[in-house]
Amino acid sequence: MNRDQLEQLRARPKARVLVVGGGINGVATFRYLATQGIDVALVERGDYCQGASGASSHMIHGGIRYLENGEFRLVHESVQERNSLLEIAPHYVKPLQTTIPIFSTFSGMLSAPIRFLTHKSGKPTERGAALIKAGLIMYDVFAGIDGRNTPWHNFKGSKAARKDLPELREDVKYTATYFDASVHNPERLTLDVLRDGLGANDQARASNYVELATVTDGTATLRDVLTGEQFDFQAEVIINATGAWVDLTNAELGKNTKWTGGTKGSHIVLDHPELLAATGGREIFFENEDGRIVLIYPMLGRVLVGTTDLEHDMREPAVCTDEEVAYFFDLIGQVFPRISVSEEQIVYKFSGVRPLPNHDDTAPGFVSRDYQVRETRLTDSTMMLSLIGGKWTTFRALAENLGGKALAFLGESEKHSTQGVAIGGGKKFPTNEGQLAAWYAAREDRAPHARLRVLLERYGTGADRVLAEVGEHEELLTHSSELSVQELSYLVTHEQVGRLIDVFIRRTNLAFRGLVTKDLVNEVASHLAVPMGWDQTQTAAEIDNSLSVLAESHGVILA
Ligand SMILES: Cc1cc2nc3c(=O)[nH]c(=O)nc-3n(C[C@H](O)[C@H](O)[C@H](O)COP(=O)(O)OP(=O)(O)OC[C@H]3O[C@@H](n4cnc5c(N)ncnc54)[C@H](O)[C@@H]3O)c2cc1C
């Protein structure tokens, strides 16, 4: 196992800023500070992107629904960040055409913008449709404010709507279609942001499987989760970016806060070609009668269906329950009544907790999605900044804001903005057919086309780095044509693989697509054993752990 980063933390146990939490917001803040030349360190208790960041609905969106709460700042920032991410991370962030079906008999359907615009809930009548249009105009105006040429929304009547989406319920009255985006590989995008941070300055260090155990008189105690060893670490600013765990982290530091009120959201992933075809390549997005926003959309050749919004106790694991699955099946039936779905078509389930602010009586679906930063002075010379909230979509802007507050405390100023700076394998990523053909042609002597495609999708233009490392004679695995023995060794050396399960869920998306088998788990374990330094007992324990994580957290039972 390569734990160079941990060794660097131990060898020089101090930094100006210590970021705690390796979700997208912690990692993005780490990258921002590293880019400013700050001596910055990051620790993540588990693997990077294993919290809410690995459990989102994968939408990179303005959040049309937040208009109803009057969250104009957030919607404006979000649509601009969405547009920007399409340019700076084109390897993982893709345009997503989104269609809202409007049925006259659906009482809750898109009442959200209606509520905002009329200040009362109303049934989506023809008048409702006109108001939805007004909401979409507002959304498009925000998207175009910085001069970007974002496609404008369109509205269609029943006949045209059913021509586009023939499986839609027959009594659809209108469809409203607009343009958002989705992140296809959030785990790898987080790793790319991390890599950019690590490369930005020599002092930047980050390790997964290391947790903040406590802070005494301004000195943090860090614990290696894989060995249990502890060591002290000093920093002038501690950034608590532990998402929905912020209050639990504070409790470990002896601070009793009630700043967060996370809500659980689950998703299922279906291998269902008929449903996939019915979506017509779009996200079908609507509000259910219970006020929850529901989505059904194509993702990596599968169909992603979500989500729920339920109060959750952070001391308990978040898992997708049978009731939630039944709820999703019901929703699919409401939109595509002729398409049947069954449990066997579910290839993956996942669940996570949104790091929302404490919301007392406000219904979960209506809690602000905007973020806040709370300051706590730990000693005269140590400050803690706690992040409350923060969507995936706005991570770059949020990092500038949060990192900027750390800079202010340190008496430093911003030297470089991250705005418009390409991320990882998004640099020079081929975005049209001509560029794509040229990219493949320039590498056709290095690997077969199918293998190049896997690497380009997985690493963006970082594929060149991997190709250089794996050499020309890769041995593909017996139980997956998408991984090679040499690539596994690359992942151990360069991507901080800490546990076997990391390979299936966060270094590749094989688990998400339902492509992990027991044979594959055994095969990958056998190749990782030597580079990871596992003996037979540890290898067997890693296999058991992978099987139980897949079964208990993702509903994947491997026979
Ligand atoms: C169901 C759901 C759907 C969502 N859909 C969308 C969407 O479509 N679009 C969108 O923009 N946003 C969406 N979000 C919101 C978004 O995913 C989150 O707000 C965002 O990922 C939060 O990132 P984070 O880094 O702040 O927190 P997290 O990703 O939760 O990261 C916090 C990290 O801190 C670590 N940690 C905790 N305690 C310690 C400790 N003591 N020491 C070290 N590490 C610690 C945890 O292991 C965790 O990895 C969704 C969220 C959920 C749950």
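Analyst: A residue is called buried when its relative accessible area is under 20%, exposed when that area is over 50%, and partly exposed in between, with a 1.4 Å probe and protein chains only. This is a predicted model, in which local features need pLDDT of at least 70 and side-chain atom pairs count only at pLDDT 80 or more, while totals for chains, interfaces and linings use all residues. Residues are numbered from 1 along each chain as its sequence is written, and side-chain values use heavy atoms, without hydrogens and water.

With a salt bridge taken as a side-chain nitrogen of Lys or Arg within 4 Å of a carboxyl oxygen of Asp or Glu, the model holds 36 salt bridges. One of them joins R16 to E412, with 2.7 Å from N to O. R16 is partly exposed at 23%, and E412 is partly exposed at 29%. E412 also forms a salt bridge with K415, at 3.9 Å between the closest N and O atoms, and K415 is exposed at 54%.

K427 pairs with D196 in a further salt bridge, whose closest N and O atoms are 3.6 Å apart. K427 lies in the loop between helix 11 and helix 12 and D196 in helix 7 (residues 186–200), so this pair ties together parts that are 231 residues apart in sequence. Here D196 is buried, at 17% relative accessible area, whereas K427 is partly exposed at 39%.

Methods. Helices (H or I, at least four residues) and strands (E, at least two) are DSSP runs, numbered from the N terminus.
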